[in-house]
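Hi,

Here is the structure I promised to pass on.

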Amino acid sequence: MLNTAILIVSGMLCVALILNLWRLLRGPDLSDRILALDTMYINSIALILLYGMHMGTNLYFESALLIAMLGFVSTVALCKYLLRGDIIE
């Protein structure tokens, strides 16, 4: 039962990633593209966590944590660049 739920949710997350990619490529503004990239990080983290639950190992949880940290830092850097024009003051 749990494996079936994991497969269904994984399929839904893959569809969400494809829709995020479409928004990333066709977004009307730069802020929409940054938001789509941030949402892609979140969806990829969820997909990795689901795969870790399916495989029954803790290694994927650590990699999801690393992707979350990199995603946060890159989103902050892109937003700061969008607002001020430079990243480091």
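**What I found**

Of the 89 residues of the protein, 18% count as buried (buried means under 20% relative accessible area, exposed over 50%, and partly exposed in between, with a 1.4 Å probe and protein chains only). Before you go further, a word on where the values come from: this is a predicted model, where local features need pLDDT of at least 70, side-chain atom pairs count only at pLDDT 80 or more, and totals for chains, interfaces and linings use all residues. Residues are numbered from 1 along each chain as its sequence is written, and side-chain values use heavy atoms, with hydrogens and water left out.

**Confidence**

The average pLDDT of the protein is 92, and 99% of the residues score at least 70 (pLDDT is the predictor's confidence in each residue, from 0 to 100). Helix α1 (residues 2–26) has the highest confidence, at 95, while helix α3 (residues 59–84) has the lowest, at a mean of 91.

**Overall build**

You'll find three helices and zero strands here; helices (H or I, at least four residues) and strands (E, at least two) are DSSP runs, numbered from the N terminus. Along the sequence the pattern reads α-α-α. The radius of gyration is 15 Å, well over the 12 Å that the globule rule gives for 89 residues, so the protein is more spread out than a compact globule. That radius is taken over C-alpha atoms, and the globule rule is 2.2 Å times the number of residues to the power 0.38. Along the principal axes, the C-alpha atoms fill a box of roughly 50 × 25 × 10 Å.

How much of the contact between residues at least 6 apart in sequence joins residues at least 24 apart? The share is 44%, where contact means heavy atoms within 4.5 Å.

As for the surface, the protein exposes about 6,500 Å², and carbon and sulfur atoms supply 73% of it. These areas come from the Shrake-Rupley method with a 1.4 Å probe; for residues, only the protein chains shown count as cover. There are 5 positive and 6 negative side chains, and the centres of the two sets lie 8 Å apart. Lys and Arg count as positive and Asp and Glu as negative, while His and the chain ends are not counted; the place of a charge is NZ of Lys, CZ of Arg, CG of Asp or CD of Glu.

Start with Asn43, which sits in helix α2 (residues 30–55). Is Asn43 buried or exposed? Its relative accessibility is 11%, so Asn43 counts as buried. Not counting residues up to four places away in sequence, Asn43 touches Leu13, Ala16, Leu17 and Asn20.

Now hop across to Asn20, in helix α1. Asn20 is buried too, with a relative accessible area of 12%. Leaving aside neighbours within four places in sequence, Asn20 is in contact with Ala36, Thr39, Met40 and Asn43.

Leu50 is another helix α2 residue, buried at a relative accessible area of 13%. Again setting aside residues up to four places away, Leu50 touches Ile6, Val9, Ser10 and Leu13. Leu50 and Val9 are 41 residues apart along the chain, yet their C-alpha atoms are separated by 8.3 Å.

**Over in helix α3**

Leu65 lies in helix α3 and is exposed, with a relative accessible area of 54%. From Leu65 to Ile48 it is 17 residues in sequence and 10.0 Å in space, C-alpha to C-alpha.

Tyr81 also lies in helix α3, and is partly exposed at 46% relative accessible area. Which residues does Tyr81 touch, not counting those up to four places away in sequence? They are Asp86 and Ile87. Tyr81 and Leu17 are 64 residues apart in sequence and 25 Å apart in space, C-alpha to C-alpha.

Cheers
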